[in-house]
Amino acid sequence: MSKERVQRFVISLVVALFVASALGYLFAPEKMLSVVGMESTPATDFLVRTLAAALLALTPGAWAVRERTGTSGQRGVLIGLAVYMFASSVVDLSAFVDGVVGFASIPSIVIRAVLGAVIVWLIP
């Protein structure tokens with residue numbers, strides 16, 4: 001499979017995951033938190049809704065790099081997406097090790113790390 005096809009698929013997947021997560025965090029933070037074994041409080045709801053706003057803000061930029069152009073702007077967006085994938089995986093892994101979140105967070109950690117690695121591979 002060509003890098004062009006991989007990039008279109010991976011970036012489309014990332015955008016879909018961003019939008020789905022953001023909408024879940026905005027409209028049902030208690031359900032989203034319960035998936036990883038966290039209780040919903042006004043403070044956690046505020047924090048995840050803030051995260052949701054950031055994810056929504058990232059989606060147009062991410063969507064714009066579906067097509068492979070090799071521009072410096074595209075490189076910057078891909079680097080940012082990869083950093084987000086790795087950093088958020090590390091944060092979640094730390095939360096898992098500290099007992100803040102449950103075992104259900106592990107698949108998300110792995111998926112984001114794999115997506116981050118693929119995005120690094122896609123950087124022109």
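Two residues are in contact when they have heavy atoms within 4.5 Å of each other. The model described here is predicted.

**How the helices pack**

Two packed helices are described by the angle between their axes and the distance between the axes. The table gives these values for each pair.

| Helix pair | Angle between axes | Distance between axes |
|---|---|---|
| α1 and α3 | about 155° | 8 Å |
| α4 and α5 | about 155° | 8 Å |
| α1 and α4 | roughly 55° | within 13 Å |

**Helices α1 and α3**

Helix α1 covers residues 3-27, and helix α3 covers residues 42-64. Angles over 145 degrees count as roughly antiparallel, and α1 and α3 are therefore roughly antiparallel to each other. The crossing of α1 with α3 is left-handed. On the α1 side, the residues that meet α3 are Ile 11, Ser 12, Val 15, Phe 18, Val 19, Ser 21, Ala 22, Tyr 25 and Leu 26. The residues they meet in α3 include Val 48, Arg 49, Leu 51, Ala 52 and Trp 63. Sorted by type, the residues of this contact between α1 and α3 are 15 nonpolar, 3 polar and 1 charged.

**Helices α4 and α5**

Helix α4 runs over residues 72-97, while helix α5 takes in residues 105-122. The axes of α4 and α5 form an angle of about 155°, and the two helices are therefore roughly antiparallel. Their crossing is left-handed. Among the α4 residues that take part are Leu 78, Leu 81, Met 85, Asp 92 and Phe 96. From α5 come residues including Ile 106, Ile 109, Arg 112, Gly 116 and Leu 122. The contact of α4 with α5 consists of 15 nonpolar, 5 polar and 2 charged residues.

**Helices α1 and α4**

The axes of α1 and α4 cross at roughly 55°, which makes α1 oblique to α4. The crossing of these two helices is left-handed. By type, the contact of α1 with α4 has 7 nonpolar, 2 polar and no charged residues. Ile 11 and Phe 18 also belong to the α1 residues that meet α3. Leu 78, Leu 81 and Met 85 likewise belong to the α4 residues that meet α5.

**Three single residues**

Gln 7 sits in helix α1. Its relative accessibility is 0%, so Gln 7 counts as buried. Leaving aside residues up to four places away in sequence, Gln 7 touches Ser 12, Val 65, Arg 66, Glu 67, Arg 68, Gln 74, Leu 78 and Leu 122.

Thr 50 belongs to helix α3 and has a relative accessible area of 42%, so Thr 50 is partly exposed. A polar atom of the Thr 50 side chain lies 2.9 Å from the backbone oxygen of Phe 46. Thr 50 and Tyr 25 are 25 residues apart along the chain, and their C-alpha atoms are separated by 8.8 Å.

Gly 73 is part of helix α4. With a relative accessible area of 43%, Gly 73 is partly exposed. Between the C-alpha atoms of Gly 73 and Val 90 the separation is 26 Å, and these residues are 17 residues apart along the chain.

Methods
Residues numbered from 1 in each chain as written. Predicted model: local features only at pLDDT ≥ 70, side-chain atom pairs only at ≥ 80, totals over all residues. Heavy atoms only, no water. Axes fitted to C-alpha atoms, helices over the stretch in contact; angles between N-to-C directions. Helix = DSSP H or I, 4+ residues; strand = E, 2+ residues; numbered from the N terminus. Parallel < 35°, antiparallel > 145°, perpendicular 65-115°, else oblique. Left-handed = near helix turned anticlockwise from the far one by under 90°. Nonpolar A, V, L, I, M, F, W, Y, C, P; charged D, E, K, R; others polar. Buried < 20%, exposed > 50% of the residue type's maximum accessible area, 1.4 Å probe, protein only. Polar contact = N/O pair within 3.5 Å; in protein donor to acceptor, adjacent residues only side chain to side chain.
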